[in-house]
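Open your viewer and get ready to select residues. We will go from stop to stop, and each stop says what to look for.

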Amino acid sequence: MVLAALVFVLLAPVAAHARPGPHDTGSQPVDSYANAIRQSVWVDTGLDSDHDGKTDRVAADIVRPSEPAAAGQQVPVIMDASPYYSCCGRGNESQLKTYDSSGNPVAFPLYYDNYFVPRGYAVVLVDLAGTNRSDGCVDVGGASDITSAKAVIDWLGGRATAYTTRTGTTTAQAGWSNGSVGMIGKSWDGTVANGVAATGVQGLKTIVDISGISSWYDYYFAQGAALYDGGPDDLAGAVESSGAQSKCSAEQQALRDGAPRNGDWTSAWQDRDYYANASKVKASVFVAQGMQDLNVRTKNFGQWWDALAANGVQRKIWLSQTGHVDPFDYRRSDWVDTLHQWFDHYLMNVDNGVQNQPMADIERTPDHWTTDAVWPPAGTTATQVALNAGATAGLGSLSAGAPPATGTERYTDNPAHSEDDWAAQADQATADKVAFTTGVLGSDLRLSGGGSVTLTATSSTTSAHLSAVLVDLGPATIRDYEAGAEGITTLGTRSCWGDSTSGDSACYLDTAADTESVQQTVFSRGWADLGHYDPSLKGVSLTPGKAYRITIQLASTDHVVPAGHRLALIVAGTDNGLIVAPSTKPTISLDLSRSSADLPLVGGLPALAHALKGGSGHHRAAAPGAPAATAPARGHTPTANLPASPAARLG
């Protein structure tokens with residue numbers, strides 16, 4: 001997805017679509033959406049993933065303004081490549097593509113066409129191979145997925161062949177395209193954008209990655225611990241067209257073989273690891289992520305962001321308090337305005353200064369946002385924190401500095417309990433966890449980015465899963481990310497974003513923040529299978545009584561623990577509803593002299609010392625066995641009911 005340029009004729013008079021405005025200059029809606037050109041082409045991918053002896057063609061539905069075409073002007077493209085256009089829908093209202101009786105496209109899901117086509121852009125929606133009107137098989141992030149989109153970009157730049165029909169021989173030309181493409185999409189769609197960008201494809205100028213995956217292994221596993229009962233073969237089956245399903249049994253088997261349920265790293269996962277190829281990315285990247293996304297978990301954006309930063313990629317990020325939600329549904333007006341500036345700058349070369357705006361927008365409380373010039377902010381340091389045993393077993397403390405000289409803690413895995421249970425009982429000694437807490441903080445303490453917890457652990461059985469969660473202990477009002485809509489409420493009113501036709505409305509149901517009051521907030525998580533302690537991610541059967549050292553990666557986030565609250569690190573076993581339980585229920589012993597945490601603290605050790613020094617120093621722990629003061633119970637789907645296929649969740 002990084003289309004550099006083959007000899008493109010630059011967008012003729014960009015001024016024809018420019019207007020003075022609050023952001024210097026920018027495209028304005030001077031073209032007719034009603035009179036836009038709507039067409040479909042089928043692009044040859046060069047692959048034969050369904051093994052029918054013919055190369056796969058993927059369908060690309062196009063809507064583009066007629067006025068530039070009539071004037072002989074070329075336009076840039078906004079593209080969303082998705083497997084969901086016929087099976088599951090896009091957006092909060094699950095919109096599908098529709099066609100007239102002749103197969104011509106009528107309705108284009110989402111607002112991109114309604115808003116951007118009048119402003120001089122073409123919008124191209126691509127059916128991934130094996131879905132809707134495309135040939136081939138779904139391979140869940142592999143060559144077929146990525147080539148589906150890359151081939152269309154190559155065609156837009158004059159480097160690939162397309163046809164006017166799925167099986168015919170009449171070719172279709174993209175002379176109306178100036179070869180500059182921006183990809184956008186949420187979830188699987190954003191994942192494809194990441195994957196194509198990591199190929200370094202010519203002409204891709206920018207991607208907008210909304211809750212996308214950067215490594216498919218990290219979608220299905222957390223350091224060997226399964227996050228779902230099903231694998232990518234189940235996901236492929238959920239989105240493939242009926243025609244593809246009849247041809248794709250070999251690909252389904254290859255997916256099963258390449259993604260064993262034991263959590264081991266394989267060549268199939270390596271092929272679906274995009275952040276490893278961040279050095280090839282030429283496009284700018286705009287990331288939008290819900291920090292409480294328990295579907296595409298935030299490790300995915302964190303490692304992608306860090307890899308992009310290491311390779312000097314121009315980038316921007318929005319971090320919300322939501323779960324798996326599109327910014328259009330939690331900050332609509334600001335999002336559309338920012339997206340408009342972003343595409344104008346990178347696709348129309350408009351000098352609007354968007355690249356110089358603060359790099360990060362972060363939601364602190366529902367609908368209250370702050371900004372940072374860079375992210376993570378300057379002065380953020382991985383700071384070592386010691387895990388200390390307390391006077392009561394299971395209730396330890398956190399302190400700055402190196403691990404203690406001695407100390408042990410012990411817990412027994414209880415797969416019926418979740419991080420919500422642990423957090424609510426952080427001050428109670430329970431058999432299924434160990435809680436390490438600070439005293440009351442005397443000043444705000446901000447964590448920004450990803451951290452880690454290194455544990456030296458001994459299991460009583462041959463298998464063990466570990467969880468480590470960071471918790472803000474104190475009252476707050478947050479978005480209810482565990483509710484069905486993951487932090488938003490859909491209202492009965494509509495607002496319009498662009499122009500409409502009788503077959504494609506630009507008006508969408510409005511939303512508002514869905515909030516709840518809580519007494520504790522889990523804000524970062526990490527999970528692992530102890531048998532996958534080695535970084536190679538090749539699992540072993542544990543030897544009971546033998547100590548293993550493992551570093552659990554904590555997912556990236558940005559959270560301020562305010563003065564008057566406490567910070568807790570809770571270590572436990574199965575996180576009910578978020579990882580699959582191991583085959584045994586082990587008792588785990590932790591050697592605290594060889595365990596510690598590295599937390600991404602803004603201000604580093606001095607900030608931690610100041611926060612701890614300014615507080616009361618008291619834990620205010622409830623007596624063992626005393627009832628915890630909690631908000632109404634909040635729970636995940638029980639582990640036993642984890643979906644065999646996360647298809648609906650991934651969308």
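Start with the largest nonpolar core, which has 85 residues in this predicted model. Select Met79, Trp155, Trp176, Met183, Trp188, Leu204 and Trp216: these have the most contacts inside that core. Next, colour helix α3, residues 143–156. Helix α3 gives the most to this core, with seven residues.

Now pick out Trp188. Which residues does Trp188 touch, leaving aside those up to four places away in sequence? They are Pro83, Tyr84, Leu128, Val138, Val140, Asp145, Trp216, Leu235, Val239 and Leu650. Apart from the core you began with lies another one, of 38 residues. To find this other core, select some of its members, including Tyr85, Leu110, Ile210 and Phe328.

Go back to Val140, one of the residues that Trp188 touches. Val140 sits in the loop between β8 (122–127) and α3. Is Val140 buried or exposed? Val140 counts as buried because its relative accessibility is 1%, under the 20% cut-off. Check its backbone too: Val140 has a positive phi of about 50°, although it is not a glycine. Most residues other than glycine have a negative phi.

Move on to Gln223, in the loop between β13 (221–222) and β14 (225–226). Here phi is also positive, near 50°, in a residue other than glycine. Gln223 is buried, with a relative accessible area of 11%.

For the last stop, select Trp375 and Pro376. A cis peptide bond joins Trp375 and Pro376, with omega about -10°. Most peptide bonds are trans. Pro376 lies in the loop between β18 (368–372) and β19 (380–392).

Terms used: Residues numbered from 1 in each chain as written. Predicted model: local features only at pLDDT ≥ 70, side-chain atom pairs only at ≥ 80, totals over all residues. Heavy atoms only, no water. Core = buried A, V, L, I, M, F, W, Y, C linked by side-chain atoms within 4.5 Å. Buried < 20%, exposed > 50% of the residue type's maximum accessible area, 1.4 Å probe, protein only. Helix = DSSP H or I, 4+ residues; strand = E, 2+ residues; numbered from the N terminus. Contact = heavy atoms within 4.5 Å.
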